Amino acid sequence: MTSPLSDLLNLDLSDTKKIIAEYIWIGGSGMDIRSKARTLPGPVSDPTKLPKWNYDGSSTDQAAGDDSEVILYPQAIFKDPFRKGNNILVMCDAYRPAGDPIPTNNRHKAVKIFDHPNVKAEEPWFGIEQEYTLLKKDVKWPLGWPLGGFPGPQGPYYCAVGADKAFGRDIVDAHYKACLYSGLSIGGANGEVMPGQWEFQISPTVGIGAGDQLWVARYILERITEICGVIVSFDPKPIQGDWNGAAAHTNFSTKSMRKDGGLDLIKEAIKKLEVKHKQHIAAYGEGNERRLTGKHETADINTFSWGVADRGASVRVGRDTEKEGKGYFEDRRPSSNMDPYLVTSMIAETTIL
């Protein structure tokens with residue numbers, strides 16, 4: 001039996017021909033996702049055909065109160081898994097009325113790098129492994145943990161099944177399906193080492209698309225946890241002590257790395273990353289020093305290292321890549337709360353330009 005509210009939520013709007021577009025953007029903290037909806041006269045599939053819109057930047061810490069208007073530029077369209085039908089999610093970035101990007105618009109900076117002819121020619125692929133922790137809303141303590149206490153030590157929880165080991169699977173599965181429905185390149189999902197922690201992957205996506213897709217996937221996850229009365233945390237070390245932190249490992253390859261002899265180019269790229277280790281760490285997420293301790297499958301934040309199949313290294317090269325002499329590498333340094341626009345463009349800039 002359905003409730004009057006669910007009947008209204010599921011109303012079929014196809015007779016009206018109108019659609020709802022949910023404009024999504026990133027707020028002033030760099031991690032707060034904002035959105036608002038508007039009615040459009042009919043279906044749209046090209047972001048350039050969507051109207052620009054504005055918002056009050058003084059309420060998102062992105063503008064002063066006496067000059068608060070910030071303009072949203074639609075950049076990417078995805079199907080809306082919540083409203084369904086022809087309704088859409090629209091990933092936007094933000095500009096001042098004069099047309100210059102606001103200081104927190106990392107997408108605009110990333111596009112400049114990805115539009116460089118040398119970068120375009122290399123068709124950079126990014127696959128991002130987004131880890132996150134599910135928390136009980138009122139106490140902000142991980143799902144499945146005893147209130148104010150701790151579960152048994154890590155070991156049984158990674159990719160586990162069972163009511164005493166896997167906490168929040170319905171949320172994970174709902175998110176997985178919603179992302180597929182939206183047209184996102186979600187490659188998989190699994191339970192992580194710390195109980196209450198999970199991961200989803202954005203499959204290899206070219207250039208700026210990886211950042212757009214990760215942000216929309218995060219938005220969808222925030223909406224699903226909102227429905228469930230659960231908090232999703234992207235904190236890189238939500239629980240201090242002998243517990244794994246949360247990362248956003250970033251896998252990367254260029255066209256040249258994917259060809260025969262690519263392993264030599266991968267090694268060259270890793271050397272370039274080592275030279276710029278400090279600059280990358282500074283941009284790889286807030287609070288990352290709490291995670292990158294040299295323990296719990298991390299390298300120490302101050303020391304750059306790489307290795308084959310080494311999850312304790314800054315950069316890991318897979319066994320298959322070593323065996324085939326071509327492929328990709330994984331930058332294990334980015335934290336779960338990193339900005340994918342910043343991280344992906346920085347890796348491309350350091351290794352290609």
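First, my exposure classes: buried is under 20% relative accessible area, exposed is over 50%, and partly exposed is in between, with a 1.4 Å probe and protein chains only. This is a predicted model, where local features need pLDDT of at least 70, side-chain atom pairs count only at pLDDT 80 or more, and totals for chains, interfaces and linings use all residues. Residues are numbered from 1 along each chain as its sequence is written, and side-chain values use heavy atoms, with hydrogens and water left out.

**Salt bridges**

I count a salt bridge when a side-chain nitrogen of Lys or Arg is within 4 Å of a carboxyl oxygen of Asp or Glu. The structure has 16 of them.

I looked up Asp260 and found its partner in Lys326, with the closest N and O atoms 3.1 Å apart. Asp260 sits in the loop between strand E10 (248-253) and helix H6 (262-275), and Lys326 in the loop between helix H8 (319-324) and strand E13 (329-331), so this pair ties together parts 66 residues apart in sequence. Helices (H or I, at least four residues) and strands (E, at least two) are DSSP runs, numbered from the N terminus. Asp260 is exposed at 66%, while Lys326 is partly exposed at 26%.

Next I checked Lys49, which meets Asp46 at 3.4 Å, N to O. Lys49 is exposed at 62%; Asp46 is partly exposed at 28%. Arg34 pairs with Asp32 at 2.8 Å, and Arg34 is partly exposed at 30%. I also noted a salt-bridge network linking Glu297, Arg316, Glu330 and Arg332.

**Sheet**

I traced an open sheet of five strands, in the order E2-E1-E5-E4-E3, with mixed pairing. Its edge strands are E2 (33-40) and E3 (53-56), each pairing on one side only. Two strands pair if DSSP finds at least two bridges between them. E1 (residues 19-26) and E5 (residues 88-95) run parallel and are joined by four bridges. Within E5, Val90 is the bridge partner of Tyr23.
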